[in-house]
Amino acid sequence: MARLKDYYAILGVPRNATPEQIKEAYRRLAKEYHPDRNPFPEAEGRFKLINEAYHVLYDPAKRADMTPFIKT
């Protein structure tokens, strides 16, 4: 069975985060882990994960679809 990803933890935002908080966290982390700015090999994988988390949490429809899978 596939393990679910905790997108909130990836971006470091609370579960009730506003879209502005999500965007701010994404931008901060994207700058830090962008492969062009970070020479470490794991930066690219982390950047992709941050990008995935942002796209799920920032879109209200996708965020609502994942709500049943979140443990509170």
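Modeller: Helices are DSSP runs of H or I with at least four residues, strands are E runs of at least two, and both are numbered from the N terminus. Leu57, for instance, lies in helix α3. We're looking at a predicted model, where local features need pLDDT of at least 70 and side-chain atom pairs count only at pLDDT 80 or more, while totals for chains, interfaces and linings use all residues. Residues are numbered from 1 along each chain as its sequence is written, and side-chain values use heavy atoms, with hydrogens and water left out.

Biologist: How many helices and strands are there in the chain?

Modeller: There are 4 helices and 0 strands, giving the pattern α-α-α-α along the sequence. Of the 72 residues, 31% are buried; buried means under 20% relative accessible area, exposed over 50%, and partly exposed in between, using a 1.4 Å probe and protein chains only.

Biologist: At what angle do the axes of α2 and α3 cross?

Modeller: Two packed helices are described by the angle between their axes and the distance between the axes. Axes are lines fitted to C-alpha atoms, for helices over the stretch in contact, with angles from 0 to 180 degrees between N-to-C directions. Here, α2 (residues 19–33) and α3 (residues 43–58) have axes that come within 10 Å and cross at roughly 165°. That makes α2 roughly antiparallel to α3 (under 35 degrees is roughly parallel, over 145 roughly antiparallel, 65 to 115 roughly perpendicular, and the rest oblique).

Biologist: Which residues in α2 and α3 meet?

Modeller: Contact means heavy atoms within 4.5 Å. On the α2 side you get Pro19, Ile22, Lys23, Tyr26, Leu29, Ala30 and Tyr33, and they meet Ala43, Arg46, Phe47, Ile50, Asn51, Tyr54, Leu57 and Tyr58 in α3. The residues of this contact divide into 12 nonpolar, 1 polar and 2 charged. Nonpolar covers Ala, Val, Leu, Ile, Met, Phe, Trp, Tyr, Cys and Pro, charged covers Asp, Glu, Lys and Arg, and the others, Gly among them, are polar.

Biologist: How many aromatic pairs does the structure hold?

Modeller: Rings of Phe, Tyr and Trp (its six-membered ring) pair if their centres lie within 6.5 Å; planes under 30 degrees apart are stacked, over 60 edge-to-face, and the rest tilted. The structure holds 2 such pairs. Tyr26 and Tyr54 have ring centres 4.1 Å apart and planes at 20°, so they're stacked. Since Tyr26 lies in α2 and Tyr54 in α3, this pair ties together parts that are 28 residues apart in sequence. Tyr54 is also stacked with Tyr58, with centres 5.1 Å apart and planes at 25°. Tyr54 and Tyr58 both sit in α3, 4 residues apart, about one turn of the helix. Ring pairs link Tyr26, Tyr54 and Tyr58 into a cluster.

Biologist: Is Tyr26 buried or exposed?

Modeller: Tyr26 is buried, at 16% relative accessible area. Tyr54 is buried as well, at 12%, while Tyr58 is partly exposed, at 32%.

Biologist: Back to Leu57: what is Leu57 in contact with, leaving aside its neighbours within four places in sequence?

Modeller: Those partners are Tyr7, Tyr8, Leu11, Ile22, Arg63 and Met66. With 2% relative accessibility, Leu57 counts as buried. Its C-alpha atom is 8.0 Å from that of Pro19, though Leu57 and Pro19 are 38 residues apart along the chain. Over the whole chain, among contacts with a separation of 6 or more, 54% join residues 24 or more positions apart.
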